[in-house]
Amino acid sequence: MAAWSPAAAAPLLRGIRGLPLHCVRRMFASQTEGELRVTQILKENFPRATVIKVTDISGGCGAMYEIKIESEEFKEKRTVQQHQMVNQALKEEIKGMHGLRIFTSVPKH
């Protein structure tokens with residue numbers, strides 16, 4: 001039996017999921033550059049956030065992200081307004097994305 005490696009698994013995973021090799025590598029990394037960049041932007045725009053979690057749900061390609069953010073800045077704002085705030089903070093990054101899932105909340109005291 002041959003040794004297993006991400007490169008060896010790529011053709012199999014590509015056939016099953018249709019993912020290119022650079023996306024397959026995501027499964028073996030802790031955080032992508034895109035996740036780190038988006039997280040940093042959100043930290044700068046929401047300094048009172050108690051939770052910021054950014055996950056590349058495109059397999060590491062940077063095409064689609066899921067964002068969970070909990071911040072006092074969202075207090076007394078409707079969900080759509082909260083999402084608009086996140087979209088505004090990420091307006092430049094969104095240009096290169098295919099999709100974005102946003103989950104916002106206010107910290108419970």
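This is a predicted model: local features need pLDDT of at least 70, side-chain atom pairs count only at pLDDT 80 or more; totals for chains, interfaces and linings use all residues.
Local features are reported only at pLDDT of at least 70 and side-chain atom pairs only at pLDDT 80 or more, whereas totals for chains, interfaces and linings use all residues. Residues are numbered from 1 along each chain as its sequence is written, and side-chain values use heavy atoms, with hydrogens and water left out.

The secondary structure of the chain consists of 5 helices and 3 strands, where helices (H or I, at least four residues) and strands (E, at least two) are DSSP runs numbered from the N terminus. Along the sequence these elements follow the pattern α-α-α-β-β-α-α-β. The chain has 109 residues, of which 36% are buried; buried means under 20% relative accessible area, exposed over 50% and partly exposed in between, with a 1.4 Å probe and protein chains only. Of the contacts (heavy atoms within 4.5 Å) between residues at least 6 apart in sequence, 53% join residues at least 24 apart.

The 3 strands form an open sheet with mixed pairing, in the order β1-β2-β3. Two strands are taken to pair if DSSP finds at least two bridges between them. Because β1 (49-56) and β3 (99-105) stand at the edges with a single partner strand each, one side of each is left without a neighbour in the sheet. From one strand to the next, the twist averages 10 degrees. Strands of a sheet pair through backbone hydrogen bonds, either parallel or antiparallel. Here, β1 and β2 pair in the antiparallel sense over 7 bridges, and V54 has I67 in β2 as its bridge partner. Strand β2 (residues 64-71) pairs with β3 in the parallel sense, over 7 bridges. On β3, T104 is the bridge partner of I69, and R101 stands opposite E66.

Two helices lie across the sheet strands. Helix α3 (residues 33-45) lies across β1 and β2 and runs at about 155 degrees to β1. Helix α4 (residues 79-89) lies across β2 and β3, at about 125 degrees to β3. Axes are lines fitted to C-alpha atoms, for helices over the stretch in contact, and angles run from 0 to 180 degrees between N-to-C directions.

A search of the whole structure finds 1 aromatic pair. This pair, F46 with F74, is tilted, with 5.3 Å centre to centre and 50 degrees between the planes. Rings of Phe, Tyr and Trp (its six-membered ring) pair if their centres lie within 6.5 Å; planes under 30 degrees apart count as stacked, over 60 as edge-to-face and the rest as tilted. F46 lies in the loop between α3 and β1 and F74 in the loop between β2 and α4, so the pair ties together parts that are 28 residues apart in sequence. Both F46 and F74 are buried.

S71 lies in strand β2 and counts as buried because its relative accessibility is 0%. Leaving aside residues up to four places away in sequence, S71 touches F46, R48, A49, S105, V106 and P107. The C-alpha atoms of S71 and P47 are 8.3 Å apart in space, although the two residues are 24 apart in sequence.
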